[in-house]
Amino acid sequence: MRIIVSVPGRFHGFELARELQNRGHLTKLVTSYPKSEAEKYGVPKEKICSILLKEILQRGWKKLPFIKNWYNPYPVMEFYDRLAAGYLSEGDLCIAFSGAGLHTMRKAKKMGMKTVLERGSTHIEYQRDTLREEYDIHGVPLAKRDLPRPQIIAKELKEYEEADRIAVPSTFVKRTFLQKGIPEEKLMVNPYGVNLSSFRKVPKEDNVFRVIFAGGMSLRKGVHYLLQGFAEANLPNSELVLLGGMNEELKSFFKKYGVRGSTSQGGRTSPVIRYMGHVPQRELHKYYSQASVFAICSIEEGLALVQAQAMACELPLICTPNTGGEELIRDGQEGFIIPIRDVDALKEKLTYLYEHPEVCHVMGQRARERARHGFSWQEYGERAERFYEHIISGYQL
């Protein structure tokens, strides 16, 4: 197979390109990142086309005072999409990422290629409606809401219609597409992988019951529910550690629940919440390894990569269906799946694992084995290869 991948940034596109390269299928990778970044993932330099101007425009815009709050990604993504279409060459299949794939896929079809649209989150109308509901619940002013722009929604709906197939990372995401009328035969589910050599357990250094979360501090990620659940559980000798970038909308919740900085509160018996900020990927396994459980209460996303990372470091999960976590764990075996916005359920599961450390340990071991057998990037690549063979041959999945 001759396959071209176009990704406006990195996302999981570099892992996909590497797996295709390892199997002899990659013809070209088009990205807005420098070639040197894609080379780190094992993609040959001669197969990489870099549209750096997209990153310069996007990052520069966001840094401009006053204007950054009105950043509209549509013009930048449209710019990338049209340029990427010009880099296409002869092939059998073109894979483009949602929001930046319409013109690329149209050009690919004119050249006789099949097309796959990669969508990492839920159907964009479901995403808009769910986030709007959450903002309404918490009274976030309209001007501060981070919702998909109408132009982007309109473009993605055309992409959904025109793509030969749509690749999504979880059954949860698939359900949102089915609810919006997308035919089931057009959808293919392929859960993302984890780098098992990078995410591994190291010895835990204390006996603190530590809950950890990694990701953006936002309403979308449900961090406010995690803060409330942990605080109300009030477990002695426990700690909640938060890793990731800060959104303005969470600052009032951090103040309400007394979130501290990165300094350890050694010697305290009362629960402590610590915010560590951004942590480099290469360091994440060290933080995961000092935890007892990974908790994520997202309201909407496709499949949070941090879940499989934590599992590989021997942590059980507490997650919602809307994290895509039901793709990774079996409820009650490698962790627990709780409804969105259900603080009582979160408190119950945290308390149970706290009071039953032996169960927590066994669940963590099961989680590690599950991550190792089914959710490596190699297995992701194998599933993708089978999907693409069926698309090119014209068989139904």
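K155 touches Y74, M77, E78, D81, G99, A100, L102 and H103, leaving out residues up to four places away in sequence; contact here means heavy atoms within 4.5 Å. K155 sits in helix α7 (residues 150–162). Helices (H or I, at least four residues) and strands (E, at least two) are DSSP runs, numbered from the N terminus. With a relative accessible area of 5%, K155 is buried, where buried means under 20% relative accessible area, exposed over 50%, and partly exposed in between (1.4 Å probe, protein chains only). K155 and F79 lie 76 residues apart in sequence and 13 Å apart in space, C-alpha to C-alpha.

The model is predicted: local features need pLDDT of at least 70, side-chain atom pairs count only at pLDDT 80 or more, and totals for chains, interfaces and linings use all residues. Residues are numbered from 1 along each chain as its sequence is written, and side-chain values use heavy atoms, with hydrogens and water left out.

The next topic is the sheet. Six strands form an open sheet in the order β10-β9-β8-β11-β12-β13, with parallel pairing; two strands pair if DSSP finds at least two bridges between them. Strands β10 (272–277) and β13 (335–337) are at the edges with a single partner strand each, so one side of each has no neighbour in the sheet. From one strand to the next the twist averages 20°. Even so placed, β10 has 5 of its 6 residues buried, so it is largely enclosed by the rest of the structure.

Two of the pairings can be followed in detail. β9 and β10 run parallel and are joined by 5 bridges, with V241 opposite R274 in β10. β8 (residues 209–214) and β11 (residues 293–296) pair in the parallel sense over 2 bridges, and the bridge partner of I212 in β11 is F294.

Helix α9 (residues 223–233) packs on the sheet, touching β8, β9 (238–243), β10 and β11, and its direction makes about 170° with that of β9. Axes are lines fitted to C-alpha atoms, for helices over the stretch in contact, and angles run from 0 to 180 degrees between N-to-C directions. Helix α11 (residues 281–289) also packs on the sheet and touches β8, β9, β10 and β11, at about 150° to the direction of β8. Of the 11 residues of α9, 8 are buried, among them Y225, L227 and F230. Just after α9, N234 takes a positive phi of about 50°.

The largest nonpolar core has 91 residues, and those with the most contacts inside it are I95, L227, L242, F254, Y288, F294 and Y388. Such a core is a set of buried Ala, Val, Leu, Ile, Met, Phe, Trp, Tyr and Cys residues joined through side-chain atoms within 4.5 Å. Apart from neighbours within four places in sequence, Y388 is in contact with M1, I3, L16, L20, L93, I95, V116, E118 and M188. Another core, of 16 residues, lies apart from the largest one and includes M105, L117, V168 and V173.

Helices α13 (343–355) and α14 (357–372) each supply at least two lining residues, and the largest share, 4 residues, comes from α14.
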